Amino acid sequence: MLAIEVGPLDVAHTRYAISPLGEAMNALRVAAGKQPAGPLRPWAERIAPRYARLLGETPAVGALTSLFRRGRYNADFIHPPPSGPGDDFALELAAVRATPLRQVRAEIARNLVGLRTPPRDVQQILSAPDVLTRLADAIEATWYALVEPDWPRLRTVLERDLVHRAGHLAMYGWAAALSDLDPRVGWRSEGADGVIEVRTGTRNEWERHRLGGEGLLLMPTVFGTLISYVEPPWPYALVYPARGVADLLGPPPPQGGAAALARLVGPHRAQVLRALAVPATTTQLVRQLGLSLGAVGGHLAVLRESGLVTRTRTGRSVRYERTPMGGTLAGD
């Protein structure tokens, strides 16, 4: 369990990033069955043939999945936090390829402690002189097979979550920004300072760290679960599940209240209302839902006239969000 001490300067220095490479690794976890698919099961089922081809064409992908485990150390070099705002897969992959071989071998050895001995073919890859090249090539192949075809829609969900999170932190402070980050993350105020508490793994004792004015790096993920970075040379960072994922990439047929909502307002209008669990622009909704700009605009107009949605202009952007009545109707 982690206790991360936060001071007054850390709000100003906290930054937000999107990691395409991280999404590739998290998507691979779901595709390989290393992490429950949850609401993304329709996506996992749809890309299963792609994942099977990926395994057959790039054997090192199997070596990557052999390193995945929950609640214990995972090698950092295959999923490093971006140094800037992120959203550039090529730059992130270049950083992986630049990892010193000594660090690669040390992290793999640490990763394997406590795991069942991998199959011989995996051992050969992990001990090969060119292990870094093989694993980096596997990461690249994973990106193009599993994530890149859907990246515009994925990026939209991640961008919307970052805007929501940054606004809450700036306006209301850490308690509000962390309140729905993840059930395992909490905030404890200590005067002008405070402590971010992260309950991970099976250890009962608290491991204490201090941001020291450097701030925290927050990264939402569509596919992943909570991940924390607290070891050099990486910045202090939290990867957390993004909001608004349930209706992404082909949701299952609506059941119960969702089906009733679709019958009441129509299936596409219901999609728009559910997607506004996180405020969004018209363009973001178009990318997420795969509907035309005219269709989304028309649905938003009807929802506004019905008192289910409001809009707010910020600069050149117009963002839509649900009213309390809209949230109740959507089942939130």
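Student: Is the crossing of helix 5 and helix 8 left-handed or right-handed?

Tutor: Keep in mind that this is a predicted model. Helix 5 covers residues 89-97 and helix 8 covers residues 131-147. Their crossing is right-handed.

Student: At roughly what angle do the axes of helix 5 and helix 8 cross?

Tutor: The two axes come within 9 Å. Angles over 145 degrees count as roughly antiparallel. Helix 5 is therefore roughly antiparallel to helix 8, with the axes crossing at roughly 165°.

Student: How many residues of the contact of helix 5 with helix 8 are charged?

Tutor: From helix 5 come Phe-89, Leu-93, Val-96 and Arg-97, and among their partners in helix 8 are Asp-137, Glu-140 and Trp-143. The contact of helix 5 with helix 8 has seven nonpolar residues and one polar. The number of charged residues there is three.

Student: Why is strand 8 largely enclosed by the rest of the structure?

Tutor: Strand 8 spans residues 237-241. Buried means under 20% relative accessible area. Strand 8 is largely enclosed because the buried share of its five residues is four.

Student: In strand 8, what is the bridge partner of Pro-220?

Tutor: Strand 6, residues 217-221, runs parallel to strand 8, and five bridges join them. Pro-220 has as its bridge partner in strand 8 Tyr-240.

Student: And which residue in strand 8 is the bridge partner of Ser-228?

Tutor: Strand 7, residues 227-229, pairs with strand 8 over three bridges, in the antiparallel sense. Ser-228 is bridged in strand 8 to Leu-238.

Notes
Residues numbered from 1 in each chain as written. Predicted model: local features only at pLDDT ≥ 70, side-chain atom pairs only at ≥ 80, totals over all residues. Heavy atoms only, no water. Axes fitted to C-alpha atoms, helices over the stretch in contact; angles between N-to-C directions. Helix = DSSP H or I, 4+ residues; strand = E, 2+ residues; numbered from the N terminus. Parallel < 35°, antiparallel > 145°, perpendicular 65-115°, else oblique. Left-handed = near helix turned anticlockwise from the far one by under 90°. Contact = heavy atoms within 4.5 Å. Nonpolar A, V, L, I, M, F, W, Y, C, P; charged D, E, K, R; others polar. Buried < 20%, exposed > 50% of the residue type's maximum accessible area, 1.4 Å probe, protein only. Pairing = 2+ DSSP bridges.
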